[in-house]
Every structure is written in structure tokens, then in C-alpha cells.
Amino acid sequence: MKKISYIFCALIVFSYTMYAQYSWAKDSKAILSLKDGIVQQASATPDKEEIKAQNNAEDKGIFSFMDLSFLKKEGPKLTAEPNERKDSFVRRLTRQAEEGNVDAQLTLGYMYLYGESGVDKDYEKAFQYYNMAANQNDSIAINNVGSLYFSGIGTEKSLSKAAQMFEKASSLGNTEAAVNLSFIYLTKDSALNNPRAAVELLKTASEAGNPTAKFLLGYAYFKGFVVEQNYKKAIALIREAANAEYDDAEYMLGYMYLNGLGITKNYGNAVKYFNLAFNQGNVDAMMELGNILAAGTMYTQDVYHAHILFNIASVHGISSAVEKRDFLEKKLKIEEVLQAQAEAENFKEKPSELTLYIQQTFGKNIRHYIDENLSKAKLAK
């Protein structure tokens, strides 16, 4: 890996790549090596107000499948033949779907959900075709039907039906469904709140390689949530999620290096992982990096770049960042302040595909699902 001097400037000014790794440095002497050693049953004939009240009760505190990113991962299984007209392609798929072809059912479900490949968006048809595939025990379709029930897209909104579908898909080995169900079980104010069941699902999905599950299970070990607190297990799992480029995992790994939790303290590696998370726009990482560079007690002091970090974090509404930025401003020359402001304004975060998926599906801070359950448990005592 190339060693890069003046890396922060390069980080801000030049273009980014999804897989690049950077290190912080004020000058060539401070270059850091990057070689690192997520059931209430409705009445038989509920009226509209009853349905609305039930949905509101079920949804309280529940995560949201925003932008349908959970389905965008599963693109069309079939494509048009060369020179095949779009209308002919749709007719052929429709015939195959009616004959029981699962791939055709999945493809039509996707096409009608997003309005692609010559069809207009039709959520009811999307649900219909996904449901046809789900009835043939296709785990992807079952998970997608669960997500449509959860969001109320193309069908009635029902948390209980969503959970049932996620559970079925999970039993068929679908790790995304296991994670989806775990988030429902981790939702503090949900009638389906079941932390122990959530952790068991996370263990299963983690063992199967799901990075979201690895991070949440690692954080459970970090906090001692349901499982016994174990920093070594926590850091092993969180490291794997960080290697998959999830920003909050990178932040947590940096935090554990910084404080020597489950691993030998290593300020250089702490800065490395905070920096990787910062590249993706992680505000917690911005603050940690800013504090480190401003203090200069565990890493080379760099007031200029600390000012930039606090300035970017202030845009995200962190009040303490505003205070710290303004304090450091007094230590800089006017030309340095102007340049720092320009660099902060030009900063463009580059979240990874995994970070985007998790944020769009479950939110920017999935740690709070565990933190809120811990707070609930303490209040119950």
C-alpha cells in the first residue's frame, strides 16, 4: 500500500475510492503505516380506525425500510433475449410466472416494484409475484414479502405477518431475514420485543457471514447485552464488520484500540480506523479524531486539521463541535482559518455500499437498538 504524505489534504481535496485506506499526518515524519497487525393478532374484521391504531402501536420505535434498499440488492433473475421487445419480454415472463417459474416470479416482482424493464410501478402486482415465489418456499421471496408487509407496500401493513415471514425465511437459511427479524425483536417499544431471541438470530446470521449481524453481535459482547461481556469476542466480530467497510464498525474498532479494550492500546491504529470511518461521514469518528489531533498527547498535534474535523461535525448538529472549532480558531492564523474552512466545505463523504445499505434500511446508528434495550432493562430493575 502506498505511503502518502500530507494525507489529510489529499483526503479532502482529491477524489476518493471505495476501498482506499488513508492515514493522518501533518508532515512526513508523522506518517502512519496502515499495515495493521436489527404477535399481535388483528381482529377478524377490523375497521379503518382500528387498523390505524394497531399500526401506530406496532410501529412505535420500529426501524424503516427506506428506499426499499433491502430489495434493490436482489435484481432481476431473468433478462430479455437479444432483440426481444419489452412487451414480448413481459408477456413471456408473465406466462412463465403463471406456470410456476420462480425466477420469472422474482423478476416480475422486482420489475413492478421499481417500474423497470418496460412496466409501470404496480406495488400490488409486485406483492402478487413475490408472494407466488414465496409460496414455493423461495427464501428471497419470503424475506421480500415480509419486508412488503412491514412497509405496507402492495398489501396491508402488518408487523406480525412481517415477523412470520422473516422467521420462515430465516429458517430456510436467509441471513438477511434473520437480521430483519432480530431488529424487530430489538425494537424496545415493540410488542414483539425479545432481546434473547434477537441475539440468537444474530449468532446464526453471524456464523453464516452476515456483516450486519457480526457488528451487532460484536456490540452485544462489547456491552454485555444478553451475552456475557467479552471484549476479545467483541473486537474479533467488529473487526470483521470493519473489514467489510461498515463505518460504525470502523469507528468502534478505533475506539477499542484507543482505550485498549480487548486489544493492546495502539493510537496509530485508533487513528487509522477513525479516519476510515470519517471518510464515510461517521460523526463519532470525526469527534474522536478532532479530540486526538487537538490534544496532541497521544498523536502528533494538528490544530489545523482538528479545526476542519470539528467544522464538518458542526454541520451535523454537534454543539460541542462548534465550541471546539471556535476555540481552535483562535490558535490559527487568518489564512489558515480560511483554508481550513474551504477544505471542510469541500469535504465529500464516501460511504461504502454496506454502510449505505445499513443506514438506508435500519438507520445511521444501529447501536442504539442494543443501548435502548439496556436502558429499558435498567429501568425495570
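A crossing of two helices is left-handed if the near helix is turned anticlockwise from the far one by less than a right angle, and right-handed if clockwise. The views below show a predicted model.

**View 1. Helix α4 passes helix α6 in a left-handed crossing.** The axes of α4 (residues 86-98) and α6 (residues 123-134) come within 11 Å and cross at roughly 40°. Angles from 65 to 115 degrees count as roughly perpendicular and those under 35 as roughly parallel, so α4 is oblique to α6. On the α4 side the contact is made by T94, A97 and E98, and on the α6 side by Q128, Y129 and M132. Three of these contact residues are nonpolar, two are polar and one is charged.

**View 2. F127 and Y149 form an edge-to-face aromatic pair.** The model has 15 aromatic pairs. In the pair of F127 and Y149, the ring centres are 5.3 Å apart, with 80° between the planes. F127 belongs to helix α6 and Y149 to helix α7 (residues 139-151), so the pair links distant parts of the chain, 22 residues apart. F127 has a relative accessible area of 11% and is therefore buried. Y149 also counts as buried, at 12% relative accessibility.

**View 3. Y219 and F222 form a stacked aromatic pair.** The centre-to-centre distance is 5.8 Å, and the planes are 20° apart. Both residues lie in helix α11 (residues 211-223); because they are three residues apart, about one helical turn separates them. Y219 and F222 are both buried.

**View 4. Eight aromatic residues form one cluster.** The members are F215, Y219, F222, Y231, Y246, Y251, Y255 and F274.

How values were computed: Residues are numbered from 1 along each chain as its sequence is written. This is a predicted model: local features need pLDDT of at least 70, side-chain atom pairs count only at pLDDT 80 or more; totals for chains, interfaces and linings use all residues. Side-chain values use heavy atoms; hydrogens and water are left out. Axes are lines fitted to C-alpha atoms, for helices over the stretch in contact, and angles run from 0 to 180 degrees between N-to-C directions. Helices (H or I, at least four residues) and strands (E, at least two) are DSSP runs, numbered from the N terminus. Angles under 35 degrees count as roughly parallel, over 145 as roughly antiparallel, 65 to 115 as roughly perpendicular and the rest as oblique. Contact means heavy atoms within 4.5 Å. Ala, Val, Leu, Ile, Met, Phe, Trp, Tyr, Cys and Pro count as nonpolar, Asp, Glu, Lys and Arg as charged, and the others, Gly among them, as polar. Rings of Phe, Tyr and Trp (its six-membered ring) pair if their centres lie within 6.5 Å; planes under 30 degrees apart count as stacked, over 60 as edge-to-face and the rest as tilted. Buried means under 20% relative accessible area, exposed over 50%, partly exposed in between (1.4 Å probe, protein chains only).
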